[in-house]
Amino acid sequence: MKKFIIAASILISAAFTGCVKENDLDTKKTEPNNYFDYATTQIGNIDVKINLAEGSNPVLFEVYEENPYNLDGSKKEIEAIFKAYTDETGSFSGPLSLPTYLKSVFISTMEYEGGTVTETAVTDGNITSRAGSRVSVIENPVEPKPYWINYDGILAFEDLWPYKGDYDMNDLGIKYSSTVYYNAQNRIERTVDTFTPMCKGNQYVNGFGFQYGPRVKYNPPIVTMKSRAIEPTGITTDWVKMCQVATTTGAPRSQYDKVPNKGDLEAGQSTAVVLLFNSIDEVVSGNAADINKSSQRALHSYTVTTFFYLVSAEQLGFPPYNPFIMVQPIPSDNQRSREVHLTNYRPTEKCTDPAHVWFGKADDKSDMMDRWYVSDARFPFAINIPGRMFTFPDEYQRIDARYPRFANWVATQGAQDADWYM
């Protein structure tokens with residue numbers, strides 16, 4: 001019989017995505033620091049320590065948004081938002097992704113006889129277990145085996161960058177459903193990401209792609225506005241065994257040069273980038289006036305399956321990774337030279353055409369160092385909404401009019417109304 005004490009602390013670097021209704025908010029309240037990124041999910045670090053008897057197998061723990069068990073002991077039909085194996089000493093430390101509205105999480109080892117569920121509060125971005133002194137007994141933990149974690153969310157983009165435009169955040173909307181497959185040593189073997197276009201209120205021709213890799217936070221200055229040289233931040237193509245894009249029948253695909261022997265990775269990039277389609281008009285029916293109506297619906301979906309040489313979550317990041325739209329304002333423009341990303345995510349190397357220098361122009365206040373894709377009113381040009389439900393603003397309807405709590409969320413830099421979209 002093996003006794004263990006579970007003590008967990010999760011350190012969250014909170015990040016908030018959003019925008020400001022310019023004339024309604026006190027500018028003194030809406031002036032964030034350079035690292036406020038308007039994210040609706042927060043990337044933090046979880047540290048777990050389970051005191052195991054010598055010679056024990058590693059133990060799998062799971063993290064839930066709510067208690068995964070009913071009062072009668074039966075298991076609820078809900079998915080863990082994170083899980084991982086400890087090492088042989090009962091320790092684990094690594095990153096995880098959580099919605100910013102969470103005030104507590106539940107850490108469970110109930111898959112083992114004698115396991116426990118520990119509720120851990122979230123306060124000021126920090127989570128510290130207060131139930132860590134609870135002692136339970138685990139009988140012969142089984143040999144570790146591969147596992148997976150699912151992620152769902154919706155992305156919304158403004159295509160008029162570097163101009164604010166109408167700020168309805170509906171120029172390209174796309175849903176993602178991702179599964180990340182880990183081996184028993186917590187290394188990622190493959191990912192399966194399905195992207196389904198949802199809406200279009202576009203002014204321009206907009207395509208979609210993404211880059212594998214995490215957002216770099218608190219990075220030191222690496223460029224000057226004069227040099228306009230951008231250092232890539234994704235994982236290199238060497239970490240990818242093979243990447244394949246499957247589509248529904250008849251779906252249009254982006255045409256681009258590909259890395260030899262790597263499947264559908266884009267060539268000319270030192271990092272792993274995948275492009276799906278060049279025009280939202282070809283993959284969503286209807287027009288801008290049809291947003292939120294049955295006449296505007298997805299015509300196709302795209303599933304990207306990528307095998308890796310056992311990367312870590314720190315290297316790969318979390319779905320949807322670094323998504324972006326490719327904007328072509330006029331037919332003669334090179335679409336790959338103009339990208340719109342989530343706030344404080346860097347563009348890819350293809351977004352550096354000297355003839356199309358957008359950063360720091362018009363309403364954009366990117367400094368190409370530690371601030372990217374944020375306006376002079378300090379709102380973003382793209383947002384990531386966790387979950388499976390989101391109603392896009394109608395054409396020309398500002399997002400802060402559609403969602404009244406959005407303004408306070410921005411004004412308080414995410415301290416209040418973090419669930420404004422629910």
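**A walk around strand β12**

What we have here is a predicted model, in which local features need pLDDT of at least 70 and side-chain atom pairs count only at pLDDT 80 or more, while totals for chains, interfaces and linings use all residues. Residues are numbered from 1 along each chain as its sequence is written, and side-chain values use heavy atoms, with hydrogens and water left out.

On confidence, pLDDT is the predictor's own score for each residue, from 0 to 100, and the protein averages 81, with 78% of the residues at 70 or above. Among the elements, β11 (residues 172–182) has the highest mean, 97, whereas β1 (residues 2–13) has the lowest, 44.

Returning to β12 (residues 188–199), this strand runs antiparallel to β11, with 10 bridges joining the two; strands count as paired if DSSP finds at least two bridges between them. Together β11 and β12 form a hairpin with 5 residues between them, and in the turn N186 has a positive phi of about 65°. Strand β12 is also joined by 7 bridges to β16 (residues 302–311), again antiparallel, and there D193 stands opposite V304.

Finally, which residues does a cis peptide bond join, with omega about 15°? They are W161 and P162, and P162 lies in the loop between β10 (147–157) and β11.

Methods
Helix = DSSP H or I, 4+ residues; strand = E, 2+ residues; numbered from the N terminus.
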